[in-house]
Amino acid sequence: MTDDGNRFTLEGPLDTYGMSHVGKVRQVNEDHFFIAAANKALTVQQTNLDNVQAFNHLKQSEAHLFVVADGVGSIGGGRLASGTAVQALGTYIGRTMGCYYSFDVEGENEFLENLENAVQHAHLTVQREYSSHGKGPATTLTMATLIWPRAYIIHVGDSRAYYLRQGRLRQITRDQTMGELMIDEGIMTEEQVERSSLSSTLSSAIGAEILPSVGLIDLELNDVLLLCTDGLTRHVGDDGIADILQSAHSAKAACEQLVDAALEGGGRDNVTVVVSRMVSAEDN
Amino acid sequence: MIQKKICMVGMFATGKTSLVQKFVYSRFSEKYHSTVGVKIDRKQVEVEGTTVKLLLWDLAGKDEFQDVPASYLRGSGGLFYVVDGTRRETLEQLYALHAMAHETVGDVPTIVALNKKDLTDQWLLQRDDYDALSDRGLYTLGTSAKTGEGVEDAFLWLAAATIKS
């Protein structure tokens, strides 16, 4: 890492890793994850210009894309839905990522709308492929697009995004469940929701009804970003997650320990984690 | 169509998110959720014959752990400060936030929502406070995200101010 005078910048690839496990009860893993990097690079092959260094900043423009998705549906249907959604999302973003280089207000808003359009495209693709009268499989989808230091989060369902800073874990996303919706609308209390099944019923899902939540956060060096499906969070509390993210010496080690902790806690669901540490892989 | 980025700024738990939720989705929740980072919503409004798309950046409130990062404010076309009328310190801290924001985005249209107006028996702000805000050129409006009082008016006033600036 270097200090360019105004802010720290990352050099080299991020230390990022993803892992998915079927768990100890389910027969099929209906989760998917996706990690990708988009580069907008100008590589100077030959010139007689004196100052080739002027082009160096163009090589550093890089976006990182992290996605987790947890399929819901009849046997195998959830797997198809989450896989199709992630595939469609990746394809759409791969085709349209060009605008990420511009960051005035208009450009940033256009970029965010593009990410939302990608989620909408994934939603329509899942509906087109599998839905019959709105009864087809569906999937959660939590996506973080990191253009250092800003992470843009688009979220549908009850998978989660967290970040860890100086040992403190914060949940970035809010679960989109019927329970939360009932509380927000003032129709039910938290206690009533806890006694019902609504806390695990999705109010927003790719392939069904979607209301994507959009947010962002500026990360700092040594922060850790985590995306996960509820197969982790139903077995491992915030303190346990924070301890693992804090102590793990690499993103891979963090993923392994998180999955192990979920399995030790019962492994009743598929578990998927994507960890990205805001350090250069070279600094490990 | 004109697009304007509006930043919701204030101390934690003043009701920034509740005001946005009321304005955009017409809903109010008693449950408090601390915003992490920035939550973004959009709403299109008509002001004085012009369609304005408001990009509402709901910033995490300032608390003991975090300041309001100046980087979130850049490019703002308007600032929507929120004060909790039942907590004096949220007004006292506003002046420091305003100084920081002014340094970052300059002289952009600004409104101060004196929120939680429904809690009249706990209200702590007085005439002098309103005068102090006015002396600094800050337009104020009483709001209640719970009852909806003043919410639409506040956002529409700011939208109109942004297209005139």
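Mentor: Start with one strand pairing: A:Tyr162 stands opposite A:Gln171 in S10(A). Keep in mind that this is a predicted model.

Trainee: OK. How many bridges pair S9(A) and S10(A), and in which sense?
Mentor: There are 4 bridges, and the sense is antiparallel. The two strands form a hairpin with 2 residues between them. In that hairpin A:Gln166 has a positive phi near 50°.

Trainee: Which strand is joined to S9(A) by 5 bridges?
Mentor: That is S12 of chain A, residues 224-228, and it runs antiparallel to S9(A). As a landmark, look for A:Leu164, which has A:Val224 of S12(A) opposite.

Trainee: How many of the 6 residues of S9(A) are buried?
Mentor: 5 of the 6 are buried, so S9(A), residues 160-165, is largely enclosed by the rest of the structure.

Trainee: And what does chain A look like overall?
Mentor: Chain A has 8 helices and 13 strands. Of its 284 residues, 43% are buried. If you take the contacts in chain A with a separation of 6 or more, 73% of them are between residues 24 or more positions apart.

Trainee: At what angle do H2 and H3 of chain A pack?
Mentor: About 140°, with the axes 8 Å apart. That makes H2(A) oblique to H3(A). H2(A) covers residues 77-96 and H3(A) covers residues 105-130.

Trainee: Is the crossing of H2(A) and H3(A) left-handed or right-handed?
Mentor: H2(A) passes H3(A) in a right-handed crossing.

Trainee: Which residues in H2(A) meet which in H3(A)?
Mentor: The H2(A) side includes A:Leu80, A:Ala81, A:Ala85, A:Leu89 and A:Ile93. Among those on the H3(A) side are A:Ala118, A:Val119, A:Ala122, A:Val126 and A:Tyr130. By class, the contact has 12 nonpolar, 6 polar and 1 charged residues.

Trainee: Now chain B. At what angle do H1(B) and H5(B) cross?
Mentor: Roughly 90°, and their axes come within 9 Å. H1(B) and H5(B) are therefore roughly perpendicular to each other.

Trainee: Which residues meet there?
Mentor: From H1(B), they are B:Leu19, B:Lys22 and B:Phe23. From H5(B), they are B:Val151, B:Glu152 and B:Phe155. By class that is 4 nonpolar, no polar and 2 charged.

Trainee: Back to strands, then. How many of the 9 residues of S1(B) are buried?
Mentor: 7 of the 9 are buried, so S1(B), residues 2-10, is largely enclosed by the rest of the structure.

Trainee: In which sense does S1(B) pair with S3(B)?
Mentor: Parallel, over 7 bridges. B:Cys7 has B:Trp57 in S3(B) as its bridge partner. S1(B) is also joined to S4(B), residues 78-84, by 5 bridges, and that pair runs parallel. There, B:Ile6 has B:Gly78 as its bridge partner.

Trainee: Where do the side chains of a strand point?
Mentor: In a regular strand the side chains alternate between the two faces of the sheet.

Trainee: Different topic. How many residues does each chain give to the contact between A and B?
Mentor: The contact takes 19 residues from chain A and 17 from chain B. On the chain A side, the elements that give two or more residues are H3, S10, H4 and S11. S11(A) gives the largest share, 5 residues. By class, the chain A side has 7 nonpolar, 4 polar and 8 charged residues.

Trainee: What does S11(A) join in chain B?
Mentor: S11(A) is joined by 3 bridges to S2(B), residues 38-47, and the two run antiparallel. To find the spot, go to A:Val214, which has B:Ile40 in S2(B) as its bridge partner.

Trainee: Last one. Is A:His249 buried or exposed?
Mentor: Exposed, because A:His249 has 10 other C-beta atoms within 10 Å, and the cut-off for exposed is 12 or fewer. A:His249 is in the loop between H7 and H8 of chain A.

Trainee: How many Å apart in space are A:His249 and A:Asp184?
Mentor: They are 39 Å apart, C-alpha to C-alpha, and 65 residues apart in sequence.

Key:
Residues are numbered from 1 along each chain as its sequence is written. Chains are lettered from A and ligands numbered from 1 in the order in which they are written. This is a predicted model: local features need pLDDT of at least 70, side-chain atom pairs count only at pLDDT 80 or more; totals for chains, interfaces and linings use all residues. Axes are lines fitted to C-alpha atoms, for helices over the stretch in contact, and angles run from 0 to 180 degrees between N-to-C directions. Angles under 35 degrees count as roughly parallel, over 145 as roughly antiparallel, 65 to 115 as roughly perpendicular and the rest as oblique. A crossing is left-handed if the near helix is turned anticlockwise from the far one by less than a right angle, and right-handed if clockwise. Two residues are in contact if their C-beta atoms, placed from the backbone, lie within 7 Å. Ala, Val, Leu, Ile, Met, Phe, Trp, Tyr, Cys and Pro count as nonpolar, Asp, Glu, Lys and Arg as charged, and the others, Gly among them, as polar. Two strands pair if DSSP finds at least two bridges between them. A residue is buried if 20 or more other C-beta atoms lie within 10 Å of its own, exposed if 12 or fewer, and partly exposed in between; C-beta atoms are placed from the backbone.
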